[in-house]
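Please examine the chain shown below before reading on. The paragraphs that follow lead from its sheet to its helices.

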Amino acid sequence: MRLRVEFTTEPFDLDQAPAHALVAREVIEAADMDAVDVGPFGNTAEGGADAVLAAVDALLRRTLESGATRISLQLNVIGEGVTGEGGK
């Protein structure tokens, strides 16, 4: 299964990227994703279910530890395919 995750972290700071936003970018760019688009007001990443779910777990934990007070997240199934053990 392929998934797409879209997320934002808050609070926003238009003058400079807050620590939680930098951590979010680091987590997503380090994950085993097929497509990553990081922007100032929203971020999108696509990949296999195992990679996306692991990245979401790390993203939530690390951005909260770095000062995020709100994380908006949307997760969509975008296709089928072999990912992870068992071919599911």
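Two strands are said to pair if DSSP finds at least two bridges between them. Helices (H or I, at least four residues) and strands (E, at least two) are DSSP runs, numbered from the N terminus. The model is a predicted one, in which local features need pLDDT of at least 70 and side-chain atom pairs count only at pLDDT 80 or more, while totals for chains, interfaces and linings use all residues. Residues are numbered from 1 along each chain as its sequence is written, and side-chain values use heavy atoms, with hydrogens and water left out.

The sheet comes first. Four strands form an open sheet in the order β2-β3-β1-β4, and their pairing is antiparallel. Its edge strands are β2 (35-38) and β4 (70-79), each of which pairs on one side only. From one strand to the next, the twist averages 15°. Within this sheet, β2 and strand β3 (residues 43-48) pair in the antiparallel sense over 4 bridges, and Asp37 stands opposite Thr44 in β3.

Helix α1 packs on the sheet and touches β1, β2 and β3; its direction makes about 165° with that of β1. Here, contact means heavy atoms within 4.5 Å. Axes are lines fitted to C-alpha atoms, for helices over the stretch in contact, and angles run from 0 to 180 degrees between N-to-C directions. The loop between β1 (2-10) and α1 holds Pro11, and a cis peptide bond with omega of about 10° joins Glu10 and Pro11.

How is a pair of packed helices described? The axes of helix α1 (residues 19-30) and helix α2 (residues 49-65) come within 9 Å and cross at roughly 160°. From α1, the residues His20, Val23, Ala24, Glu26, Val27 and Ile28 meet Ala55, Ala58, Leu59, Arg62 and Thr63 of α2.

Is Glu29 buried or exposed? Glu29 counts as exposed because its relative accessibility is 51%, the classes being buried under 20% relative accessible area, exposed over 50% and partly exposed in between (1.4 Å probe, protein chains only). Leaving aside residues up to four places away in sequence, Glu29 touches Val36 and Val38. Glu29 and Asp15 lie 14 residues apart in sequence and 22 Å apart in space, C-alpha to C-alpha.
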